[in-house]
Amino acid sequence: MIKVLSLLIGWVMDLLFGDPARLPHPIVWFGKTIAFFEHRLNKGPHRQMKGALMTIGLIISVFIVAYLIRHYLFFLPFNIGVIFDSVIIFYCLAGTTLIREVREVFLALDRSLDEGRTQVARIVGRDTSQLSAQEVRTAALETLAENLSDGVIAPLFWFALLGTPGMLAYKMVNTLDSMIGYKTERYKDFGCWAAHIDDVANYLPARLTAVLMICTPLHTSPKRGFFMRLSFIRKYGRQHASPNSGYPEAALASILDCRFGGPHYYFGELFYKPFIGQNERELTTQDMKKAVLVNRTAEIVMVVLVALRYMATMLTTT
């Protein structure tokens, strides 16, 4: 019951506040730690081995440190352990902040194309300086779908399996991939282990995210039933350059009856992403609102599933 309480407190805190920009954030610390080691190790020979050792060492270290801290705190009075778990869950969930950022992209685009490009650059890694208005909207909605998996469903999935230490370890995996998991000249060797581990960590959560998204009948296209949408996801999800990102993106493309993907520049290099869907229609603010509703519904269902998992465990052990 303690984990259910911590889950609900942490999730409600994220709903109310989003990412605490003015407070110390463990993910920021993760990023600074990764940058510290990357600048010192990503040079000379044996880059792949050095990147592997750094990646595995950081992931294991985060899990062990979090486990030991949590273990110690639950021996203290005043439910300090519950507070620790709640705060970690709050920090690891990014649903509210992502939705706010995507809404801001559409609002900025209503003012001007340049403002839209600047705003979407906050949440995507691609070069946004030459994007059209349609490409800005597409980038924002692709990110909304992909990060529903990375920022909400996957952290909750690993919390369900390994508690808050597993949740934090997953966030280290995700941060490593977002910083060094690119096939560019600088990172293709050093970051390949980070990218592969992230692929493994997100394999089940990404597919679970897609299923949760298309199980929201109030917000899906009447043109497709559940099994048609599932077939759409299987067809287009596997065509994505990423083994995981394509599945939630395909789910949202199916729901909105639109097309995602295509070529984009990352760090000055052109990367081709296969198209997801065929309906090259103009995206609108109404599509964004529908996508937000889908995200929130999937998030609520996942929170309920994780809570039921811990309640079932509690009942079977009593």
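Trainee: Why are α7 and α11 called roughly parallel to each other?

Mentor: Helix α7 (residues 133-180) and helix α11 (residues 285-317) pack at about 5°, axes 10 Å apart. Angles under 35 degrees count as roughly parallel, so α7 and α11 get that label. This is a predicted model, where local features need pLDDT of at least 70 and side-chain atom pairs pLDDT 80 or more, while totals for chains, interfaces and linings use all residues. Residues are numbered from 1 along each chain, and side-chain values use heavy atoms, without hydrogens or water.

Trainee: Which residues in α7 meet α11?

Mentor: Among them are Leu141, Leu144 and Phe157, and on the α11 side the list includes Met288 and Tyr310; contact means heavy atoms within 4.5 Å.

Trainee: What makes Arg137 and Glu282 a salt bridge?

Mentor: Their closest N and O atoms are 3.2 Å apart, and the rule asks for a side-chain nitrogen of Lys or Arg within 4 Å of a carboxyl oxygen of Asp or Glu. Arg137 lies in helix α7 and Glu282 in the loop between β2 and α11, so the pair ties together parts 145 residues apart in sequence.

Trainee: How do you know whether Arg137 is buried or exposed?

Mentor: Buried means under 20% relative accessible area, exposed over 50%, partly exposed in between (1.4 Å probe, protein chains only). Arg137 has 15%, so Arg137 counts as buried. Glu282, at 48%, is therefore partly exposed.

Trainee: And why is Arg111 called exposed?

Mentor: Because its relative accessible area is 52%. Its salt-bridge partner Glu115 (2.7 Å, N to O) is partly exposed at 36%.

Note on methods
Axes are lines fitted to C-alpha atoms, for helices over the stretch in contact, and angles run from 0 to 180 degrees between N-to-C directions. Helices (H or I, at least four residues) and strands (E, at least two) are DSSP runs, numbered from the N terminus. Angles under 35 degrees count as roughly parallel, over 145 as roughly antiparallel, 65 to 115 as roughly perpendicular and the rest as oblique.
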